[in-house]
Amino acid sequence: MQAMRRYELMLIIRPDAPDEKAAAVIDRTTRYVVASGGQIVKVAPWGRRRLAYPIDRHREGSYHIVVFESPAEAILELERSLQITEEVLRFLVTRSEKPVKARRDAGAADGSEDGEESEDDDLAADLVADVDVEDEDDDAADDGRIDESESEAAPAAID
């Protein structure tokens with residue numbers, strides 16, 4: 001049996017594409033995932049949104065999210081198919097990582113003894129240590145960084 005991983009696919013479809021063609025792209029994508037041995041978890045249309053920058057002279061795009069589980073080998077062919085599809089402006093396939101807690105619990109279930117530390121435990125400890133150090137830096141004196149209230153005004157200035 002192939003190892004199944006969870007992925008998220010973000011699709012931006014041309015705003016001038018008819019709804020039937022957009023639905024056909026989503027349908028073809030989901031059928032490919034199922035045919036390659038995967039399964040669809042969720043398909044969520046986000047609707048039409050403004051793009052951060054023009055893509056092929058389009059200022060808007062129709063966003064869709066597809067969450068699925070699939071073997072890793074199927075992703076390359078899926079990306080190749082999306083790359084040559086005219087209706088797709090941009091796409092991004094990302095692999096969803098399991099949270100650190102889930103890995104730690106899985107390591108304990110595998111029979112790790114209390115006296116042994118696994119690599120996952122070391123990784124979790126490093127992540128927690130890094131977060132603690134960053135928090136202490138934030139509490140230090142302001143070193144000229146822009147806070148969130150100042151950066152909110154920037155997008156309005158672009159228009």
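This is a predicted model: local features need pLDDT of at least 70, side-chain atom pairs count only at pLDDT 80 or more; totals for chains, interfaces and linings use all residues.
At roughly what angle do the axes of helix α1 and helix α2 cross?

Start with the two helices. Helix α1 covers residues 19-35, and helix α2 covers residues 74-83. Their axes cross at roughly 160 degrees. They come within 10 Å of each other. Angles over 145 degrees count as roughly antiparallel, so α1 and α2 are roughly antiparallel to each other. Their crossing is right-handed. Thr29, Tyr32 and Val33 make the contact from the α1 side. From α2 come Ala74, Glu77, Leu78 and Leu82. Five of these contact residues are nonpolar, one is polar and one is charged.

Now step back to the chain. How many helices and strands does the chain have? There are six helices and four strands. From the N terminus on, the order of elements is β-α-β-β-α-β-α-α-α-α. The chain holds 159 residues, and 26% of them are buried. Its accessible surface comes to about 11,700 Å². Carbon and sulfur atoms account for 49% of that surface. Contacts across the sequence come next. Take the contacts with a separation of 6 or more: 70% of them join residues 24 or more positions apart.

Two residues show the chain in detail. One is Ser70. Ser70 sits in strand β3, which spans residues 58-71. Is Ser70 buried or exposed? Its relative accessibility is 1%. Buried means under 20%, so Ser70 counts as buried. Which residues does Ser70 touch, leaving aside those up to four places away in sequence? They are Ala3, Met4, Arg5, Tyr7, Val33, Ser36, Gly38 and Ile75.

Glu86 is found in the loop between α2 and β4, a strand covering 88-95. Is Glu86 buried or exposed? Its relative accessibility is 66%. Exposed means over 50%, so Glu86 counts as exposed. Ala17 lies 69 residues away along the chain. The C-alpha atoms of Glu86 and Ala17 are separated by 9.4 Å.

Technical notes
Residues are numbered from 1 along each chain as its sequence is written. Side-chain values use heavy atoms; hydrogens and water are left out. Buried means under 20% relative accessible area, exposed over 50%, partly exposed in between (1.4 Å probe, protein chains only). Contact means heavy atoms within 4.5 Å. Axes are lines fitted to C-alpha atoms, for helices over the stretch in contact, and angles run from 0 to 180 degrees between N-to-C directions. Angles under 35 degrees count as roughly parallel, over 145 as roughly antiparallel, 65 to 115 as roughly perpendicular and the rest as oblique. A crossing is left-handed if the near helix is turned anticlockwise from the far one by less than a right angle, and right-handed if clockwise. Ala, Val, Leu, Ile, Met, Phe, Trp, Tyr, Cys and Pro count as nonpolar, Asp, Glu, Lys and Arg as charged, and the others, Gly among them, as polar. Accessible areas come from the Shrake-Rupley method with a 1.4 Å probe; for residues, only the protein chains shown count as cover.
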